[in-house]
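Please find my notes on this model below.

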Amino acid sequence: MLYFWFVVAVIFVFGISTIISAQAKLTPEVRKNLPPEDIETIQSELDAREIWGVLLVLIAMFPV
């Protein structure tokens with residue numbers, strides 16, 4: 001049972017760190033030097049990362 005709670009804690013921490021990393025913003029210099037397609041791709045990947053982070057946190061909270 002101890003291993004189960006360890007796995008739950010690891011999933012929770014990984015979810016929180018994923019949510020935090022998804023909060024990154026593109027600087028104006030980067031936005032100026034990249035084509036719009038790349039900016040859109042990066043932003044959609046950050047949005048997807050945030051969704052996965054929330055799902056991981058919810059999965060970790062389910063047994064609690």
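**Notes on the helices and selected residues**

1. Helix α1 covers residues 2-21, 20 residues in total. From first C-alpha to last it reaches 29 Å, close to the 28 Å expected at 1.5 Å a residue. Bear in mind that this is a predicted model.

2. Which residues of α1 are buried? They are Val 8, Gly 15 and Thr 18. Viewed down the axis of α1, these buried residues fall within an arc of 90°, so they line one face of the helix.

3. The face of α1 turned away from the buried side has another set of residues. Leu 2, Tyr 3, Phe 6, Val 13, Phe 14 and Ile 20 are exposed there.

4. What covers the buried residues of α1? The cover includes α3, residues 36-61. The two helices, α1 and α3, pack at an angle of about 155°, and their axes are 8 Å apart. An angle over 145 degrees counts as roughly antiparallel. α1 and α3 are therefore roughly antiparallel to each other. The crossing of α1 past α3 is left-handed.

5. The contact between α1 and α3 can be listed by residue. On the α1 side are Val 8, Ile 11, Phe 12, Phe 14, Gly 15, Ile 16, Thr 18, Ile 19 and Ser 21. On the α3 side they meet Leu 46, Arg 49, Glu 50, Gly 53, Val 54, Leu 56, Val 57, Ala 60 and Met 61.

6. Now α3 itself. This helix has 26 residues. Its reach from first C-alpha to last is 38 Å, close to the 38 Å expected at 1.5 Å a residue. Buried in α3 are Ile 39, Leu 46, Gly 53, Val 57 and Ala 60. Their cover includes α1 and also α2, residues 28-33.

7. Thr 18 sits in helix α1. Is Thr 18 buried or exposed? It is buried, with a relative accessible area of 10%; the cut-off for buried is under 20%. Not counting residues up to four places away in sequence, Thr 18 touches Arg 49 and Gly 53. Gly 53 is itself one of the buried residues of α3.

8. Val 7 is in helix α1 as well. It counts as partly exposed, at 44% relative accessibility. Val 7 and Ala 60 are 53 residues apart in sequence. In space they are 8.6 Å apart, C-alpha to C-alpha. Ala 60 is buried in α3.

9. Where is Leu 34? It lies in the loop between α2 and α3. Its relative accessibility is 28%, so Leu 34 counts as partly exposed. Leaving aside neighbours within four places in sequence, Leu 34 is in contact with Ile 39 and Ile 42. Ile 39 is buried in α3. Leu 34 and Met 1 are 33 residues apart along the chain, and their C-alpha atoms are separated by 50 Å.

10. Glu 37 belongs to helix α3. Glu 37 is exposed, at a relative accessible area of 54%. The cut-off for exposed is over 50%. Glu 37 and Gln 23 are 14 residues apart along the chain. Their C-alpha atoms are separated by 20 Å.

Methods: Residues numbered from 1 in each chain as written. Predicted model: local features only at pLDDT ≥ 70, side-chain atom pairs only at ≥ 80, totals over all residues. Heavy atoms only, no water. Helix = DSSP H or I, 4+ residues; strand = E, 2+ residues; numbered from the N terminus. Expected span 1.5 Å × (residues − 1). Buried < 20%, exposed > 50% of the residue type's maximum accessible area, 1.4 Å probe, protein only. Arc of directions from axis to C-beta. Contact = heavy atoms within 4.5 Å. Axes fitted to C-alpha atoms, helices over the stretch in contact; angles between N-to-C directions. Parallel < 35°, antiparallel > 145°, perpendicular 65-115°, else oblique. Left-handed = near helix turned anticlockwise from the far one by under 90°.
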